[in-house]
Amino acid sequence: MTDANCIFCRIAKGEIPCAKIYEDDNVLAFLDLAPVHHGHTLVIPKSHHKDMLEVPAELGTSIFSALQKVAAAVMKATGAQGFNVMQNNGLAAGQTVFHIHWHIIPRFDDDSLEMWEQGSYPDAAAMQAMAASVASHL
Ligand code: 5GP
Ligand code: ZN
């Protein structure tokens with residue numbers, strides 16, 4: 001399943017060039033052209049799925065295995081001390097390309113990148129109520 005208007009489908013098909021790192025039957029990994037740090041890599045399924053809610057769970061093993069392999073290689077190549085795996089779903093979450101992809105972002109002890117601020121619940125009951133509300137939609 002591909003979408004002729006999707007930039008990542010076109011990269012997966014080789015119609016648009018990329019700085020390729022890894023590919024197998026199901027997955028492609030290539031450098032993000034606007035890296036947070038050099039070595040910032042995107043891992044995509046070759047088939048077109050918009051986001052986490054639409055990607056078939058059966059692809060999970062291929063994607064997880066590629067993430068592990070590529071992240072280890074990014075660490076070695078960049079000398080990073082850590083890495084983030086990020087995956088944005090929806091405009092509100094910062095998704096700009098609507099073909100699901102995972103970011104591997106190498107991180108360095110002194111890079112002082114802030115991800116986001118965390119808050120708190122007013123009390124334990126509010127936290128339990130939130131958990132119950134989410135669970136009721138499963
Ligand atoms: P999102 O914001 O959707 O999670 O991430 C999309 C990412 O794709 C961005 O980090 C952006 O820099 C990257 N990107 C967008 N178009 C291209 C492209 O044509 N080639 C490459 N290599 N990366 C792209
Ligand atoms: Zn696509």
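Q: Which residue has a polar backbone atom 2.7 Å from an oxygen atom of ligand 1?
A: The model is predicted: local features need pLDDT of at least 70 and side-chain atom pairs count only at pLDDT 80 or more, while totals for chains, interfaces and linings use all residues. Residues are numbered from 1 along each chain as its sequence is written, chains are lettered from A and ligands numbered from 1 in the order in which they are written, and side-chain values use heavy atoms, without hydrogens and water. A polar contact is a pair of N or O atoms within 3.5 Å. At 2.7 Å from an oxygen atom of ligand 1, the backbone atom belongs to Thr 96.

Q: How many residues surround ligand 1?
A: A residue is counted if one of its heavy atoms lies within 4 Å of the molecule. The closest residues are Asp 32, Gly 94, Thr 96, His 101 and His 103.

Q: Which residues supply the protein donors of the zinc ion (ligand 2)?
A: Donors are N, O and S atoms within 2.8 Å of the metal (3.2 Å for Na, K and Ca). The protein donors of the zinc ion lie 2.0 to 2.3 Å from it. Two are SG atoms of cysteines and two are ND1 atoms of histidines, and the residues are Cys 6, Cys 9, His 48 and His 99.

Q: What is the geometry of the site of the zinc ion (ligand 2)?
A: Four donors count as tetrahedral if all angles lie between 85 and 135 degrees. The ideal angle for four tetrahedral donors is 109.5 degrees. With angles of 106 to 116° among its 4 donor atoms, the zinc site is tetrahedral.

Q: How many residues apart are Cys 6 and His 99?
A: The donor residues of the zinc ion follow the spacing C-x2-C-x38-H-x50-H in sequence. Cys 6 belongs to the segment before helix 1 (7-12), whereas His 99 belongs to the loop between strand 4 (82-86) and strand 5 (102-107). The pair thus links distant parts of the chain, and the separation is 93 residues.

Q: In what order do the elements of the protein run from the N terminus?
A: Helices (H or I, at least four residues) and strands (E, at least two) are DSSP runs, numbered from the N terminus. The protein has 3 helices and 5 strands. From the N terminus, their order is α-β-β-β-α-β-β-α.

Q: Which residue of strand 5 stands opposite Gly 82?
A: Strand 5 runs antiparallel to strand 3, joined to it by 3 bridges, and Leu 42 stands opposite His 103. Strand 4 and strand 5 also pair in the antiparallel sense, over 5 bridges. Opposite Gly 82 stands Arg 107.

Q: How many of the residues of strand 5 are buried?
A: Buried means under 20% relative accessible area, exposed over 50%, and partly exposed in between (1.4 Å probe, protein chains only). Trp 102, Ile 104 and Pro 106 point one way from strand 5, while His 103, Ile 105 and Arg 107 point the other way, and all are buried. Of the 6 residues in strand 5, the number buried is 6.

Q: Is Ser 112 buried or exposed?
A: Ser 112 lies in the loop between strand 5 and helix 3 (124-136). Its phi is near 45°, a positive value in a residue other than glycine. Most residues other than glycine have a negative phi. With a relative accessible area of 62%, Ser 112 is exposed.

Q: What distance separates the C-alpha atoms of Ala 80 and Ile 105?
A: Ala 80 is found in the loop between helix 2 (60-78) and strand 4. Ala 80 counts as buried because its relative accessibility is 10%. Ala 80 and Ile 105 are 25 residues apart along the chain, and their C-alpha atoms are separated by 9.4 Å.

Technical notes:
Tetrahedral: all angles 85-135°; square planar, octahedral: opposite > 155°, others 65-115°. Polar contact = N/O pair within 3.5 Å; in protein donor to acceptor, adjacent residues only side chain to side chain. Pairing = 2+ DSSP bridges.
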